[in-house]
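Please read the following briefing alongside the sequence and the structure. It begins with a question and then goes through the topics in turn.

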Amino acid sequence: MTGLDVLLTAFGVLALASGLLAVTSQQVVHAALWLVVSLGALAGLYLLLGAEVVALVQLLVYVGAVVVLVLFALMLTRAPTGRSDDLDSPRPVRVLAAVVGASTTVLLGAALLAADPGLVERRAETGQARPLGEVLFASWVLPFELVSVLLLAALVAAVAVSRGRESE
Amino acid sequence: MHLTVPALVAAGLAGIGLYGVLARRNAVMVLVGAELLLNAGVLLLVLTDLGGAGRAPGGDPLLSGQVGALFAITVAAAEIGLALAVVLLLFRTSGSSDLRRSRSLGEAARPVEDGDPR
């Protein structure tokens with residue numbers, strides 16, 4: 001159990017605990033902020049694993065853009081700022097959801113533990129900007145362009161959905 | 001380092017995200033659960049680039065795991081932008097973002113006014 005393993009465990013526990021708080025919190029804004037903590041802990045996890053560009057993109061896109069979008073949506077849908085009682089489904093649905101979630105975790109965990117590679121060395125040089133950028137713009141340039149077309153399509157679709165037909 | 005802890009974190013996040021999608025009633029809270037589910041997948045993608053049975057020595061030269069993670073994050077951002085636009089439209093037409101209160105989301109459910117281009 002090296003120091004890196006201890007740090008991985010710490011960030012992992014932080015990500016799981018804040019994720020659990022994000023889905024069970026009874027105040028919407030607190031849930032969005034716990035999501036920030038969870039995504040930030042995941043970015044720290046990527047940094048520890050050596051995937052530096054992925055960690056930075058996670059911080060920029062997920063924490064910086066996605067959570068801000070969630071907060072804006074909460075503001076625009078007049079979300080209650082205090083404690084709210086109608087955020088969760090009734091108790092039987094919640095128990096069923098907890099059973100489904102727990103069994104998914106157990107199933108995935110068992111499959112991943114069976115494929116455990118054991119001790120691996122941390123290769124930080126493949127996660128840095130230069131090797132990742134070289135391979136992204138040399139071998140993955142076609143998916144890269146397709147993803148930008150996808151982003152354009154999502155943007156146009158979001159504008160089309162929110163305009164409706166009143167504005168003609 | 002051992003990759004068991006990040007792998008178990010990915011499994012736990014998938015279960016937590018699934019609970020969030022199934023148990024929440026507020027539309028934006030369902031999206032928070034969906035984001036956690038997506039992050040579990042992205043974490044697994046990053047883990048495949050670092051270790052695993054039958055890997056070539058020196059790892060994958062194409063860095064498919066990390067590049068896949070970058071694309072997955074981008075697609076998730078596009079998806080949540082569109083999903084929140086739909087949530088805002090739902091709020092505008094039905095007055096609340098409670099998913100149990102609105103049963104019809106499609107265009108056919110709305111009454112057709114005169115002069116509609118449809």
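Which residues are exposed on the other side of H5(A)? They are Arg130(A) and Ala138(A), where exposed means over 50% relative accessible area, buried under 20% and partly exposed in between, with a 1.4 Å probe and protein chains only. This is a predicted model, in which local features need pLDDT of at least 70 and side-chain atom pairs count only at pLDDT 80 or more, while totals for chains, interfaces and linings use all residues. Residues are numbered from 1 along each chain as its sequence is written, chains are lettered from A and ligands numbered from 1 in the order in which they are written, and side-chain values use heavy atoms, with hydrogens and water left out.

**Helix H5 of chain A**
- In this helix (residues 129–138), Leu132(A), Val135(A) and Leu136(A) are buried, and they lie on the same side of H5(A) because they cover an arc of only 105° around the axis, taken from the directions from the helix axis to the C-beta atoms.
- The buried residues of H5(A) pack against helix H3 (52–76) and helix H6 (141–163) of chain A, together with helix H3 (64–94) of chain B.

**Asp5(A)**
- Asp5(A), placed in helix H1 (residues 3–24) of chain A, counts as buried because its relative accessibility is 5%.
- Neighbours within four places in sequence aside, Asp5(A) is in contact (heavy atoms within 4.5 Å) with Met1(B) and His2(B).

**Chain B**
- Chain B has three helices and zero strands, helices being DSSP runs of H or I with at least four residues and strands runs of E with at least two, numbered from the N terminus.
- Of the 118 residues of chain B, 53% count as buried.
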